[in-house]
Amino acid sequence: MIIDSHAHIIEYLSGSIGKGEARAIGGGKVRFLDGEERQLIPPELGDKGFSYDTLIQEMDKAHIDKAILLHGLLYGLHNDYFAEAVKKYPTRLKAAGSFMPGIDQAEVVLDRLIHHYGFQILKFEISTGAGMTGVKPELKLDGDAFEMIYQEAEKSGVTIVFDIGSRGMKSYQIQELVRAVKRHPSVRFVLCHLMAPNGRDMDLWEKDMQVLAKCENLWFDITALPWNIREEYPYPTCSEYVKQAMKMVGSERMIWGSDVPSLLLIDKYQRQYDYLIMSHKFTGKELDDLLCRTAQTVYGIF
């Protein structure tokens, strides 16, 4: 079985980040308020959105059995649509909920996400470039706005997923994350993108990984390494980062994900995981953990 632990669906491109609103202009593109236009979806896969039906079709082509649906503020938050997707494909999809911490009705919204929609995963796109600290720079992972969420996660068995962006961003809050994770040892935390290495900073990246590796209730998804490192398939530098991380935390704490649909702009879906196999750097057990078993443990997929 292969599980994509980091996929996106988009009912309608409607993001809002530090640049302001991201207006859908067709052909899979958005235009920000500063005038920048950006391609987010391959045009053949969606004009102003990326549907769950299209995701399932692409999963079938790439021989992917199941997927975890995660929110990205760049695309817009689509909790109702995520719930609709899971209702239609209950054996293929599992979804996270999301909202902006610190809003006036945060407790009401959090309760509804967990107890009405039944989301057992909450994903927070913190990255400054495409997420919440671009909108609310004061957000801290160990602050009051998140503490309420962690306490509810303890009671309800919810997994918390963070994208903290890359080094140099306000969102890159390693010490704050460590404090939050250690303060709530019964909560499962997942950190996305293996901290978004750029292929040139392995020494600095290793120092941060060594700090985070000590948090036993923290897992690492390796999503979008080909996007961040930007090299040709079979992505030898990407697989090397995965190998080095595995030496520090073990394959049981590492999860593969694709970051579709944007990653389909640079390569085929199947190649987003195939490079790990083709690298010949990992044992059969390690590949099973990366592509399936760790996700089953962390996200409760069977």
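**Close-up 1. Helix 10 against helix 11.** In this predicted model, the axes of helix 10 (residues 271-278) and helix 11 (residues 284-299) come within 10 Å and cross at roughly 165 degrees. Helices here are DSSP runs (H or I, at least four residues), strands are E runs of at least two, and both are numbered from the N terminus. Axes are lines fitted to C-alpha atoms, for helices over the stretch in contact, with angles from 0 to 180 degrees between N-to-C directions. Helix 10 and helix 11 therefore count as roughly antiparallel (angles over 145; under 35 would be roughly parallel, 65 to 115 roughly perpendicular, the rest oblique). Helix 10 brings Tyr273, Leu276 and Ile277 to the contact, and helix 11 brings Leu287, Leu290 and Leu291 (contact means heavy atoms within 4.5 Å). By class, that contact splits into 6 nonpolar, no polar and no charged residues (Ala, Val, Leu, Ile, Met, Phe, Trp, Tyr, Cys and Pro are nonpolar, Asp, Glu, Lys and Arg charged, and the others, Gly among them, polar).

Close-up 2. Three strands make an open sheet in the order 1-6-7, paired parallel (two strands pair if DSSP finds at least two bridges between them). Strand 1 and strand 7 (93-95) are the edges, each pairing on one side only, and the twist averages 20 degrees from one strand to the next. Strand 1 is joined to strand 6 (residues 66-69) by 3 bridges. Along that pairing, isoleucine 3 sits opposite lysine 66, and alanine 7 sits opposite leucine 69. Strand 1 (residues 3-7) is largely enclosed by the rest of the structure, because 5 of its 5 residues are buried (buried is under 20% relative accessible area, exposed over 50%, partly exposed in between, with a 1.4 Å probe and protein chains only).

Close-up 3. Helix 2 (residues 79-88) lies across strand 6 and strand 7, at about 155 degrees to strand 7. Helix 11 turns up again here: it lies across strand 1, strand 6 and strand 7, at about 60 degrees to strand 1. In helix 1 (residues 52-61), the buried residues are Tyr52, Thr54, Leu55, Ile56, Glu58 and Met59. Their cover includes strand 1, strand 6, helix 2 and strand 7. Just past helix 1, histidine 63 adopts a positive phi of about 60 degrees.

Close-up 4. Another open sheet has 4 strands in the order 2-3-4-5, with antiparallel pairing. Its edges are strand 2 (16-17) and strand 5, each pairing on one side only. Strand 4 (residues 29-32) pairs with strand 5 over 3 bridges, and valine 30 stands opposite arginine 38 of strand 5.

**Close-up 5. Lysine 48 in its loop.** Lysine 48 belongs to the loop between strand 5 (37-39) and helix 1. Its 30% relative accessibility is why lysine 48 counts as partly exposed. Ignoring neighbours within four places in sequence, lysine 48 touches Glu11, Tyr12, Leu13, Ala24, Ile25 and Gly26. Isoleucine 103 is 55 residues from lysine 48 in sequence and 28 Å from it in space, C-alpha to C-alpha.

**Notes for all views.** Residues are numbered from 1 along each chain as its sequence is written, and side-chain values use heavy atoms, leaving out hydrogens and water. Since the model is predicted, local features need pLDDT of at least 70 and side-chain atom pairs count only at pLDDT 80 or more, while totals for chains, interfaces and linings use all residues.
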